[in-house]
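Subject: Structure for you to look at

Hello,

Please find the structure below, as promised. My notes on it come after.

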There are 2 protein chains.
Amino acid sequence: MPKISEERKSARREQILEGARRCFAENGYEGATVVKLEREIGLSRGAIFNYFPSKEDLFIELAVRDNARMSETWLNEGLEGVVRAVVELDPEWLSVYLELFRRVRTDHDFRERIESRQRAVAPANRERIEQAQRDGEFRDDVGPKEIGIFVNLVLNGLALTRAGGEELPSTDLVLALLRDAIGPDRARTPARRSA
Amino acid sequence: MPKISEERKSARREQILEGARRCFAENGYEGATVVKLEREIGLSRGAIFNYFPSKEDLFIELAVRDNARMSETWLNEGLEGVVRAVVELDPEWLSVYLELFRRVRTDHDFRERIESRQRAVAPANRERIEQAQRDGEFRDDVGPKEIGIFVNLVLNGLALTRAGGEELPSTDLVLALLRDAIGPDRARTPARRSA
């Protein structure tokens, strides 16, 4: 058996993940059969499952990457960046998440596998909120955890609206009202003007 | 064939809808087979489909009722009532909605059937926002439509968190921050204290 270089292995991993994402988005998680995954990825099941032992592993790796990218956006581009990123998510792909909500709630192992990877980025995200509080961008009379929870509610609401194909509210409006909720006391007046 | 009184018809409709809701919640929409629906409702498929010609009709009637009840809560109990109502929704039943999001986005007829019934309650909901603006409960420098959209984002975010079985934020906190976003300018200080 020929040895595959690390570089080729890594390229193949990317090929598999990209194909799996398209396949899930197009067919839903349940609808993405092994035959469809093979066709979309362009590799045999043997080759695919050599890298990812199950369909579940494929999904979890994709979810972990989404999560890391969203955290990255939050750290580098702040509130505005993350709101704009959620508004631009692919509705087809978001529907795959919604399809798996029942499973996340009821399947303890599945939930733990996803959450353990999310916990890895949590401290940096929290630190970014604390920094924004010190900078006077966010109010400091409410804890950073609470601010994070509220921002997440609004982001989840946006993602759900997007997944349903409903008309999205203006991003500027969402940002203005969100800043009125979590910004410092004196931020209200300029936020009103931009709304 | 014996005639059934209107009263008995109405009781049977309720029996069917209650059983269907339990069956969908327990098995998911796709998982709720005709056999499972018969067992949970306690009637034969012939009797059930005499009232509701398809599984889709059952779901739509249940969704329409949820929507009417939520609108009722909003009209009678305002922001606090509606936030508390969403927080108490059954996660199992919420997952049925999530499962159908792909369909709502892609199946035009299905979407139209749900939305046409939602449009019926929209004017009263809007009027209630305008009233709150006149009463000084909500800010009036942002349109009532925009306020409704933002409140909906937060409610959808809460519903999604609830459906995933994640820990919900404190309802008082959500209400305080939401009021800071959509309340009048001077509301900020008391809202901060209660957060």
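The notes begin with the conventions, then go from the single chain to the contact between the chains.

This is a predicted model, in which local features need pLDDT of at least 70, side-chain atom pairs count only at pLDDT 80 or more, and totals for chains, interfaces and linings use all residues. Residues are numbered from 1 along each chain as its sequence is written, chains are lettered from A and ligands numbered from 1 in the order in which they are written, and side-chain values use heavy atoms, with hydrogens and water left out.

Chain A

The C-alpha atoms fill a box of roughly 65 × 35 × 30 Å along the principal axes. Of the 195 residues of chain A, 45% are buried (under 20% relative accessible area, with a 1.4 Å probe and protein chains only).

In the interface, 47 residues of chain A are in contact with 47 residues of chain B (contact means heavy atoms within 4.5 Å). The two chains bury about 4200 Å² between them, 56% of it on carbon and sulfur atoms; this is the accessible area (1.4 Å probe) lost on putting the two parts together, summed over both.

There are four salt bridges between chain A and chain B, each a side-chain nitrogen of Lys or Arg within 4 Å of a carboxyl oxygen of Asp or Glu. One of them joins the side chains of Arg139(A) and Asp180(B), at 2.6 Å from N to O. On the chain A side, the elements that give two or more residues include helix 1 (6-27), helix 5 (91-99) and helix 8 (144-163). Helix 8 of chain A gives the most, with eleven residues.

How are the copies related? Chain A can be laid on chain B with an RMSD of 0.0 Å by a turn of 180° and a shift of 0.0 Å along the axis, by least squares on the C-alpha atoms of residues with pLDDT of at least 70 in both. The two copies are therefore related as by a two-fold rotation axis. Since 100% of the interface residues of chain A are also interface residues in chain B, the copies meet through the same surface.

Regards

Key: Helices (H or I, at least four residues) and strands (E, at least two) are DSSP runs, numbered from the N terminus. Buried means under 20% relative accessible area, exposed over 50%, partly exposed in between (1.4 Å probe, protein chains only).
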